[in-house]
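Here are some notes to read alongside the model. Have it open while you go through the points.

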Protein chains: 2
Amino acid sequence: MYAVKESSTNQLNKQASLCKCPVTYTLERIGGRWKALILYHLSGKPLRYGELKRALPDITEKMLIQQLKELEADKLLTRVAQPVVPPHVTYSLTEAGAALSPVLKAMAAWGLNYSEDITFNAPVCK
Amino acid sequence: MYAVKESSTNQLNKQASLCKCPVTYTLERIGGRWKALILYHLSGKPLRYGELKRALPDITEKMLIQQLKELEADKLLTRVAQPVVPPHVTYSLTEAGAALSPVLKAMAAWGLNYSEDITFNAPVCK
DNA sequence: ACAAGTACTAACCAAAAAGTAGGTATCTAT
DNA sequence: ATAGATACCTACTTTTTGGTTAGTACTTGT
């Protein structure tokens, strides 16, 4: 996790967009290659770190941890670590995270409808 | 518009995600800093290039054109150029683009509900 | 003759996102 | 004694996204 350069035009436009449009705000929270997929997998039930990792075979550990940390910081999910050894950590959706379900559903519906060019194999986010 | 490196892990994961999850598919189409904002502005009525530019004062011309070209290639909007001089070009949503409205609405609703930290000034995407 | 408006295009560079390759500590089973 | 499992962490590099600056051609208004 690198520091962002707060004075960059990119950052300024980002902040401006966030205050202008709640859609952009939402996009900032669930955008990127992995976040929607993580949220989807947690939508059924809470999962341990290792379960998530096996559910998302292509993600690297660095990416998984990084995305989980960001989602936690954004209060979309909760991390519960039991102080045992070997470690036992569970991730689950917060209310805000669970409330994204209609958004994911709307996106899934559109994606399924308007993509003649692609056949989805699995899983279909619901 | 630079060429992407098709053999990169990034690209491979992107393609894999696209085939695995319609949510990711949708996200790829409307993600980024500007696309949702452009779609929002066109949702009311078709606009000329210059009108869009004035509606989005912070976007640079390069970004605007680039996003418009990508949205056009993805068949979310249509570009109609009248062969006159000075040029007269109009952008409007396709059916697929208009069908994104429930998605944008769901995102706007979530964004408005779960952002105590931010007050949106305008415009509120609907 | 010159500025302003139309809708772009291209070369270049900075910043962010994503990926690679290694590492940590503790415990249990072999 | 070593291997595998638990859940991470760090330094680094590659790839992609976004931004800066300059330019095009043609017409109308001053």
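**Notes on the two chains**

1. Start where the chains meet: 49 residues of chain A are in contact with 49 residues of chain B, contact being heavy atoms within 4.5 Å. Bear in mind that this is a predicted model, where local features need pLDDT of at least 70 and side-chain atom pairs count only at pLDDT 80 or more, while totals for chains, interfaces and linings use all residues. Residues are numbered from 1 along each chain as its sequence is written, chains are lettered from A and ligands numbered from 1 in the order in which they are written, and side-chain values use heavy atoms, with hydrogens and water left out.

2. The two chains bury about 4,300 Å² between them, with 66% coming from carbon and sulfur atoms. Buried area here is the accessible area (1.4 Å probe) that two parts lose on being put together, summed over both. Look at A:Y25, A:R33 and A:W110: they give 18% of what chain A buries against chain B, more than any other three residues.

3. A:R33 also turns up in a salt bridge with B:E28, where the closest N and O atoms are 3.3 Å apart. The rule (a side-chain nitrogen of Lys or Arg within 4 Å of a carboxyl oxygen of Asp or Glu) finds two salt bridges across this interface. On chain A, the side touching chain B draws at least two residues from each of α1 (9-20), α2 (22-30), α3 (35-44), α6 (95-98) and α7 (101-113); helices are DSSP runs (H or I, at least four residues) and strands likewise (E, at least two), numbered from the N terminus.

4. Which residues touch the most other members of the largest nonpolar core? They are A:I38 and B:I38, in a core of 66 residues. Such a core is a set of buried Ala, Val, Leu, Ile, Met, Phe, Trp, Tyr and Cys residues joined through side-chain atoms within 4.5 Å; buried means under 20% relative accessible area, exposed over 50%, and partly exposed in between (1.4 Å probe, protein chains only). Leaving aside residues up to four places away in sequence, A:I38 touches A:L56, A:L64, A:Q67, A:L68, A:L71 and A:L77.

5. Now the backbone. Most residues other than glycine have a negative phi, and most peptide bonds are trans. The bond from A:V85 to A:P86 is cis, with omega near 5°, and A:P86 sits in the loop between β2 (77-82) and β3 (88-93) of chain A. In chain B, a cis peptide bond joins B:V85 and B:P86, omega being about 5°.

6. A:K75 has a positive phi of about 60° without being a glycine. A:K75 is exposed, at 60% relative accessible area.
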